[in-house]
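Biologist: I'm new to reading protein models. Could you walk me through this one?
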Amino acid sequence: MSAASKMVFSATLGLMILTASGAMAADQAGVVLSLKGSAFANDADGNLRPLKRGQEVFEKELVCTDTDSQLQLKMKDGALYTLKDRSRLDIETYQYEEGAPEKGAVSLNLVEGALRTVSGAVGKFNVEAYSLKAGTASIGIRGTEFEVAYSDAPATPLEEWCSRK
């Protein structure tokens with residue numbers, strides 16, 4: 001195989017790998033609008049990463065705040081979520097297509113802690129497709145703004161507490 005053929009083959013193979021890995025990546029759910037203190041995101045594979053302002057959060061991530069911390073997320077459908085300290089929010093599903101909110105779906109699980117939210121387009125135009133679980137309760141929405149808290153918080157370091165184990 002000539003050097004030029006090897007380069008074309010390598011470039012094609014690289015492009016195929018990038019395309020395949022991009023297809024398997026989780027969908028962006030929103031961005032960190034503000035952060036006071038520290039917070040982490042834990043993906044479905046257990047990879048833990050610190051969050052900072054302007055950083056994206058994704059579907060299938062567990063978002064956690066530390067003691068004396070607060071995190072505000074702006075989601076792709078315009079919803080706002082403010083997580084209070086020592087909170088864990090599992091973004092199970094966050095599907096939204098610009099201009100077609102009736103096709104969207106949101107499923108969140110407040111594993112621990114407290115949050116305040118102002119619903120976005122999915123919550124306003126497709127109420128049946130919006131779900132927020134908190135402990136053993138499941139919360140539906142009729143309005144556009146609410147706050148919920150659930151706690152059974154252990155006294156463990158944030159990195160361990162934010163684990164999916």
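Biologist: How many bridges join β1 to β6, and which way do they run?

Modeller: There are 6 bridges between β1 and strand β6 (residues 70-75), and the two run antiparallel. Strand β1 (residues 28-36) also runs antiparallel to strand β4 (residues 56-58), with 3 bridges joining them. In that pairing, V31 sits opposite E56 of β4.

Biologist: What should I know about the model itself?

Modeller: This is a predicted model: local features need pLDDT of at least 70, side-chain atom pairs count only at pLDDT 80 or more, and totals for chains, interfaces and linings use all residues. Residues are numbered from 1 along each chain as its sequence is written, and side-chain values use heavy atoms, leaving out hydrogens and water.

Biologist: How many helices and strands does the protein have?

Modeller: The protein has 3 helices and 12 strands.

Biologist: Where is S163, and which residues is S163 in contact with, leaving aside its neighbours within four places in sequence?

Modeller: S163 lies in the segment after α3 (158-161). Contact means heavy atoms within 4.5 Å. Setting aside neighbours within four places in sequence, S163 is in contact with N42, L62 and R88. The C-alpha atoms of S163 and G46 are separated by 6.9 Å, though these residues are 117 residues apart along the chain.

Conventions: Two strands pair if DSSP finds at least two bridges between them.
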